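Hi,

Here is the structure I promised to pass on. Have a look at it first, and my notes follow below.

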Amino acid sequence: MLNIKGLKVKLEEEDKTILKGVDLEVPAGMVHAIMGPNGSGKSTLSYVLSGRSGYEVTGGTATLDGVDLLDMAPEERAAAGLFLAFQYPVEIPGVGNMTFLRTAVNAQRKMRGEDDLSATDFLKTIRAKAKALKIDAEMLKRPVNVGFSGGEKKRNEILQMAMLEPKMCILDETDSGLDVDAMKLVSEGVNALRDEGRSFLVITHYQRLLDHIKPDVVHILARGRIVKSGGPELALEVENNGYSDILAEVA
Amino acid sequence: MAVSALKPNPAMDALSARLSGQVMPKSGAWAKSARADALARLSATGLPARRDEYWLFTRPDTLNQPIPKPAAPFDHSDEDPIFSKVDRVRLIFTDGVFDQAASDDPALAGVEISRLADGGQVDVHWAADLYGVLETRGQKPVARPLATLNTTFASDGVLIRVTGKAAKPVCITYRHADPNSDVLLHHVIRLEPGADLTLVENGAAAARLNTVMEVEVADGAAFHHVRAQGRNHERRAATHIFARLGRESIFKSFTLTVNGALTRNECVIEVNGDDAVAHIAGAALGDGAAGEFHHDDTVFITHDALNCESRQVFKKVLRNGATGVFQGKILVRPGAQKTDGYQKSQALLLDGDSQFLAKPELEIYADDVACSHGSTSGAIDETALFYLRSRGVPEEQAQDLMVIAFLAEALDEIEDEAIGADIHSRLESWLQRRRD
């Protein structure tokens with residue numbers, strides 16, 4: 001599904017290399033987690049994959065089902081099946097949540113050569129999916145993320161994911177700013193989407209989220225490289241001992 | 001005529017050149033005297049000049065010159081006429097000439113509609129108390145010579161007296177057919193106590209248009225005004241609204257401007273009765289790539305009563321060398337306590353070539369008021385744009401979503417839902433067609 005080889009990335013504005021050769025493969029149907037200390041490049045990886053400006057790829061490749069991601073515009077990556085759940089979902093005053101979602105769903109369908117989803121079908125689908133995430137009609141009508149609490153914003157990200165049905169979902173610190181109940185709700189939303197044909201890359205600081213969204217593989221990203229990979233027990237090791245042991249081991 | 005007696009100097013030469021092409025319409029006694037008075041006032045002030053404080057940002061040259069620059073009529077056949085889904089009484093002018101055959105029978109309960117060309121001939125007429133009167137009051141402290149020019153020479157216009165609640169909007173449509181048309185129209189509207197009228201205007205009207213609309217809103221009356229200025233790229237327009245508001249009256253005006261080489265919309269409001277409300281809003285969309293675009297909103301609101309509210313919301317989206325101007329003033333006279341004045345002017349600059357020139361002014365002589373103003377100009381929010389694109393919305397469509405979102409606060413000022421929906425859907429389809 002997602003295949004990253006020797007990915008090197010620097011900031012466009014300053015001469016600062018963030019990713020120094022990341023190798024990562026997430027097969028279809030798998031959940032991989034990326035953990036790592038602050039500043040290790042976790043969010044940069046998610047932004048570079050989704051096409052945010054401000055980063056320059058200086059080496060390596062990233063493909064989704066064999067298609068070069070790095071060559072595409074953000075909207076093309078989305079239509080190809082990539083989805084990033086933002087760490088800080090963006091507030092867009094004046095754009096209704098429902099309008100936004102409908103525009104996004106239909107824009108992706110158009111790029112894939114499919115017909116628009118009818119208004120009725122769209123409404124039916126979004127109501128069912130919103131209900132599961134405890135998102136009420138009022139929240140759907142409000143401008144995108146404006147006045148939403150931290151938990152509401154994250155639930156809204158998962159709703160977008162559920163509506164867009166991507167192949168490859170990247171969750172960037174989706175647990176940040178969530179209380180225990182909200183984390184459970186969000187995780188349930190994510191787990192409901194787990195499927196043979198869909199993969200997840202879960203970026204997190206804490207093992208706690210991985211109790212709810214159980215990963216197949218855990219990677220440790222440090223100083224711009226994947227320094228260690230292992231099973232779920234690796235996350236527990238980080239939780240108990242921090243990163244220093246692992247970093248010492250691979251130094 | 002008095003023109004030849006003017007002293008020889010460049011400003012006056014310009015004025016006499018301008019006046020040489022104008023013909024004073026045949027009028028009855030009251031209109032004749034109002035026009036003579038206006039000519040005398042115009043001779044004293046002269047035409048607007050670049051040194052005038054309120055013409056620093058907008059060159060008056062093309063409005064002053066004797067013959068207008070030609071403007072090719074615009075082909076609107078790609079869409080239904082604006083407001084055509086709204087049930088309305090249509091009054092149609094083509095190049096400033098009233099088209100009776102194309103217009104509706106102006107019979108509407110509680111509303112008397114006539115033409116300046118007819119009413120001006122009648123010796124006693126209710127409009128005599130207003131024609132040129134509100135315009136004259138609006139000349140202080142800032143002279144508005146083009147409005148005076150209009151009072152002097154306006155060939156026609158609509159006189160509307162409203163005594164009840166109008167069942168449907170009155171719609172003045174200005175069709176443009178002659179590439180050289182130079183049109184001056186002057187409307188006078190009086191809403192009697194408790195009356196209620198929605199007036200909509202649309203269309204380019206002429207190569208060069210000059211309008212004056214004088215509106216008296218009596219106690220407890222409500223006037224709603226929505227205007228769409230036509231998609232013609234080459235047209236030039238100087239419009240003026242002069243309104244006087246009575247106790248507990250409501251005045252709301254919204255203008256949509258897309259395209260137009262030059263548009264100057266002036267709005268002068270006297271809030272004279274306690275508990276009155278005045279809202280003025282505008283949304284402008286200018287693309288210099290499609291032709292010259294210069295858009296100027298000049299607003300002057302005077303508060304002279306207790307507990308009144310005024311609100312100005314002006315939004316402009318500019319690209320490819322388009323220019324936007326906003327000059328908005330709130331004057332609170334001594335004793336106008338509990339005034340709530342709000343003024344917002346914002347420009348979204350879609351590139352580095354466009355400019356927004358803003359001059360917000362507050363002048364307050366009462367001590368118990370709440371007045372605020374804010375003026376901003378900025379680029380599109382890149383983070384929000386990326387967020388939309390990351391969900392699969394193509395860049396240009398994402399930009400358009402944000403353009404509509406930016407204009408929303410001004411569009412929200414339109415009270416009538418059907419009219420608001422029409423404006424909204426047109427903006428969307430214009431933006432979409434631009435992309436296609």
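What covers the buried residues of α9(A)? Please keep in mind that this is a predicted model. The cover includes β3 (31–35), α8 (207–212), β11 (217–222), β12 (225–230) and α10 (244–250) of chain A.

The residues under that cover deserve a moment. Helix α9 of chain A spans residues 233–241, and A:L234, A:A235 and A:V238 are buried in it. These three lie on the same side of α9(A) because they take up an arc of only 105° around the axis. Just after the helix you will find A:G242, with a positive phi of about 75°.

Now to the place where the chains meet. Chain A brings 30 residues to the contact and chain B brings 15 residues. Together they bury about 1,900 Å², with 70% of it on carbon and sulfur atoms. Two salt bridges cross the interface of chain A and chain B. In one of these, B:R389 pairs with A:E75, and the closest N and O atoms are 2.7 Å apart. There are also nine residue pairs in polar contact across this interface.

On the side of chain A that touches chain B, several elements each supply at least two residues, including α1 (42–50), α2 (74–79) and α3 (97–111). The largest share, seven residues, comes from α3(A). Sorted by class, that side of chain A has 19 nonpolar, eight polar and three charged residues.

Best wishes

Conventions. Residues numbered from 1 in each chain as written. Chains lettered and ligands numbered in written order. Predicted model: local features only at pLDDT ≥ 70, side-chain atom pairs only at ≥ 80, totals over all residues. Heavy atoms only, no water. Contact = heavy atoms within 4.5 Å. Buried area = accessible area lost by both parts, 1.4 Å probe. Salt bridge = Lys/Arg side-chain N within 4 Å of Asp/Glu carboxyl O. Polar contact = N/O pair within 3.5 Å; in protein donor to acceptor, adjacent residues only side chain to side chain. Helix = DSSP H or I, 4+ residues; strand = E, 2+ residues; numbered from the N terminus. Nonpolar A, V, L, I, M, F, W, Y, C, P; charged D, E, K, R; others polar. Buried < 20%, exposed > 50% of the residue type's maximum accessible area, 1.4 Å probe, protein only. Arc of directions from axis to C-beta.
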